[in-house]
Structure formats: C-alpha cells, structure tokens
Amino acid sequence: MKINKENVKRVARLARLDLSEDEIATMTRQLDTILQYVAKLDELDTKDVAVTTHPQNAVNTFRNDEARPSLPRDKALAASPLQNGEAFVVPKVI
Amino acid sequence: MTIFDAREKLNRGEITSVELVESVLARIDAVENRTRAYLALDREGALAAGEKADRDGSSGPLHGIPLSVKDVFCTKNLPTTCGSKMLAGFIPPYDATVIERLSDAGAILLGKVAMDEFAMGSTSENCAFQVPENPWKAGYVTGGSSGGSAAAVAAEECFASLGSDTGGSIRQPASLCGIVGMKPTYGRVSRYGLVAFASSLDQVGPLTKDVRDCALMMNVIAGHDPRDSTSIKCDVPDYLSRLTEGLQGMRIGVPREYFGQGLDPEVDKAVRDGIAMLADAGAEIIDVTLPHTEYCVAVYYLIAPAEASSNLSRFDGVRFGHRDIHADSLIDMYRSTRSQGFGDEVKRRILIGTYALSAGYYDAYYKKASQVRTLIKDDFTRAFEQCDLLVSPVTPTPAWKIGENADDPLALYLSDILTISANLAGIPALSVPCGISQNGLPIGMQMQAAHFNEGTLLKAAWNLEMQNGLNLKKPTLP
C-alpha cells in the first residue's frame, strides 16, 4: 500500500474537502492504484535532470504600473452567492 | 456544410445569416435528444446576431457563421458551468479573449456545449448535467473532455466549435467523432477567460468539419494577448496559404512507441494507410523513437492534478458559483461548499494533486514528474532534428460504450497515452480522420510538430484529407 485511509483524510483536510466514510474507502483504493502506477517513474535516474515547469522556458512579463479600467464593483459582486452591495459576505471569521 | 461553403452561399446572396441560424437551430431540434451536446442554447441571441449580420454586411472571416464553444470559456451574459454543479448558474461579467476574437471576426455564438467537469475526463461522462453521445453510434462515448464540441460539429449542430486541450481533450474527441481538432502550441492562443485546469498544459483550439476550416479558425484565434502573460509574442502566419504547399521534401517520423501493445488492429491499419497516402504525396517516411513515451501517463497524472489542486482552490463559495449557505464558520463553509459542488473525478484529482504537493511527498512525486517531463520534452527535440512531423494514432481504440471503465480511473487515464506528450512538451498537434472501423466508428490520425509549426500540421492534414475524402463522410442521424 502506498496510501492509507489516514493519509486520505489528512489530504482531504488540506484540500478543504469533507469525505464520507464510503468516499474515503473508495478514494483510498483508487488513489493507491494510481500511486502504485506512477511509482513507475522511480525506474528512471533523474539525479542530474533539470525540472520543466513551463513548456516554453518563459520569462517574466512586466507591464507599467499604470491605472487601467477594471470591472466595476457591482459587476464583480454580481455573481457572488452572498454580497451586500459593497463586499462579499462570509460567515464570521473571528 | 463547412464554414467555407456557408461563406460562399452568404457572399452570393443564396442564403441570409438569419436563415443559416434558423437551419442550424432546426438541426439542433432534430438531433439534440440523441447527441445531448448543448448545455445552453441562446436562440434569441443567435437570431438577433443573424439579423444584425444581414443588416451590417461583411465584417470578418466568420461573418454570420453560427458556432458553439465548450462551456469552459467565460461568456458575458451566458451561463458558464464547466460541466460542474459548482458553477451552476454562474454568468461571467466578461468574455474570454477568444470569444471576443470570434465575435470581432463576425461569428454568431449559438451556445455552450457539454464537457467533463472542469475538463477532467476522457469521455465527457463526468459532466454533471448530461452525457453527450457519439453521433456515429448510439450508446457510445464522444470522447472528452471537449465531447460536446466534437458531437455538435460532427452532428452539424454548429459550423465549428472551440475546445480546450490539457492532455488530449480536443484531439481525442475529434478522433472519436470523425472531425478535425487542433491543439496549438502552448502560448499560441490566449487563455484569458478560459477556466484554468492545469496552467502549464492547457491550450485553446478549434474543432472543425475539415482542415481548411481549422486553418481559418486558427487565423482568427491565434496571437499574443497582453491579458495572458503566457501567450507568446510571435508572428501568426496566414495558415490558409500554407495548405496547398505540397509535401515534397517533408520528412515524416513514425514513432515506434506509439504503435505498441493495446493498439487496436483496425486503428493500426487505418493510420498506416494514411501514412502511405502521405508518402504517395511526396513525403519521406522515417522511423523515429520517443523512448520516454511509456512514462508520460505517470508524469501527466501527477503534474495535471497538482496544478488543478491549486487552480481549483478558487472555488470556495465566496465570489461565484455554489455556496453551502447553512455552514456556520468560514472553514466549514469552504469544506461543505466544495464537497457538495465537485464531482468524484474532480475530488480524486484534487486529492492526488494535494498529496503530490504535500510536505514529505513533493520531491518523490511532483519534482520527480517535472524532471521526467524534461526527458519527454528532450525526446521531441531530438525527433524534430530528424523530421518535420510525427504521425501516429490519436487513441489506441475507436470510441467505446458509455459506462465502460466507469469505476476504473486508471484504465481511462491509460487511454490518454498517445495525446499527453504534446501537452507536456508544449508542441502543436492535431487529429484528422483517417478511417472508419467495421463497427462504423471513426478513426483519427495524430500529427505533431515542433513549437509554432501549426502550418506544417495543417498542410499535411489537408493533403491527407484531399486523398481520403473522409471530411465528406457524415454520421447517419435522424
């Protein structure tokens, strides 16, 4: 086994997901199969291989720090499930 | 009817744009209960745009042409769900750059088409609202994740569509539905307003009825966009002018690893017949090797979920989409909102990605995968020193039945083996029809080229299409 139920519960907590006991059992089984498979990469010696994080070797893109038109507040808020015309409303944090 | 056919009829005054829209809407009404491609249809908007197109006269290369787009692009005033309950009812406040470009070229947007939830899947069965069906055979998958786009184009429910391709999501459904689909070079097309899945892999591209329409769509959507800092400043050629160049002097590589175990004999034969046609047209065919191909699925299913787990953290119930309004605390609200909104495959990938990035596992999984990605990319660099184009199957088999592999995610992941590498390397690739199985299901040929060589792909694909005539073969639908 590469992964057990406790690992899955921990990762679910990190990812802000609630899983039922049934989901935990299924996910543990499926994730284990997938992780067993990806362990195939261990066959390769990559000690001196650089990582590729971007397919085009991109460089940073900069722009001038100038004010430009942006979404008006009412439009930015319009798709929110709960807002008060000025801000997004969320349950009490503190 | 292709975009070119429709444009000719419009130019000659044989048909109006309103009549074109009406005929496509009638076609949708006739076949939609079989294909289930559309998640949202904007009849009034499309008819109004048709009237405006007729009134204003020609404004661009897609003037008055009705198109659909995958429901992954932000469209002002039209719902954008990504096939997820998480975004049910979401109406974006702006248009994606590619939507603006289509609109500036005169196109008419008919509606939004089905997809796997957040583009995660190879069959479109992960769509939370409906599962599209292959126009060629009832009960068979369209492929995915751009399955609604492929079905709508193949069933003539639109003239063309836009999709997104993270590991084959344009090419694979195009292949399974018998149409043309291209994933351009990473950075060739703006992703501003594309809902992100895996940002180092995602690319936007067209699904069309033939190669010429694909070149035309590329002319419209390709190019740098200051709003997408990963889009690249690089001249865009006129792709249409490249089609007729001929294949004399072209070297075509056949990667032996793409014809391995598990390849359906009918697919093998159709692709080899296609290669013979390219040789007849003057191309030189050589054997090449891409030795790290067998590792690409493992690399992809670490990198893509890792990036997805980060990208999908934005779905937290605060700014858009679903929220559990009963939760008492902020953290509980995040957790219950996400658990209710996401489907199984999305949760599975978020968990894999979070695991691969978590402390203690990062080096073994994410870093290792990013290193092997370099080896895969280097394979292509070496191959393109020997040849201009790589040809292969797109998928190991033609379309399969809806419901097969439903409980075996790994089996489905393995079916992506032939399309994933292009995304890992960032190179352009397309699918063009090269055969039909005895069972009546289409088979596609994949072509891959070096960065920014979309023109090479298009001229080879156009040449094949001229010879095999499969662009004229259509599924039989009511």
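Colleague: How many residues of chain A are in contact with chain B?
Modeller: 41 residues of chain A are in contact with 52 residues of chain B; contact here is C-beta atoms, placed from the backbone, within 7 Å. Keep in mind this is a predicted model, where local features need pLDDT of at least 70, side-chain atom pairs count only at pLDDT 80 or more, and totals for chains, interfaces and linings use all residues. Residues are numbered from 1 along each chain as its sequence is written, with chains lettered from A and ligands numbered from 1 in the order in which they are written.

Colleague: Which helix of chain A gives the most to that side?
Modeller: α2(A), with seven residues. Helices are DSSP runs of H or I, at least four residues, and strands are runs of E, at least two, numbered from the N terminus.

Colleague: And how do the residues on that side divide?
Modeller: Into 28 nonpolar, nine polar and four charged. Ala, Val, Leu, Ile, Met, Phe, Trp, Tyr, Cys and Pro count as nonpolar, Asp, Glu, Lys and Arg as charged, and the others, Gly among them, as polar.

Colleague: What is the secondary structure of chain A?
Modeller: Three helices and zero strands, in the pattern α-α-α along the sequence. The C-alpha trace spans about 55 × 45 × 25 Å along the principal axes of chain A.

Colleague: New topic: what is the order of the strands in the chain B sheet?
Modeller: The order is β1-β3-β2-β4-β6-β5-β10-β11-β9-β7-β8, an open sheet of 11 strands with mixed pairing. Two strands pair if DSSP finds at least two bridges between them.

Colleague: Which strands stand at the edges?
Modeller: β1 (38-41) and β8 (284-288) of chain B; each has a single partner strand, so one side of each is left without a neighbour in the sheet.

Colleague: How many bridges join β1(B) to β3(B)?
Modeller: Three, and the two strands run antiparallel. Ala40(B) has Lys112(B) in β3(B) as its bridge partner.

Colleague: What about helices α10(B) and α12(B), how do their axes cross?
Modeller: At roughly 95 degrees, coming within 7 Å. Axes are lines fitted to C-alpha atoms, for helices over the stretch in contact, and angles run from 0 to 180 degrees between N-to-C directions. That makes α10(B) roughly perpendicular to α12(B), a label for 65 to 115 degrees.

Colleague: Which residues meet there?
Modeller: Among them, Leu302(B) and Pro305(B) in α10(B), and Ile350(B) and Leu357(B) in α12(B). The residues of this contact divide into eight nonpolar, three polar and one charged.

Note on methods
Two residues are in contact if their C-beta atoms, placed from the backbone, lie within 7 Å. Angles under 35 degrees count as roughly parallel, over 145 as roughly antiparallel, 65 to 115 as roughly perpendicular and the rest as oblique.
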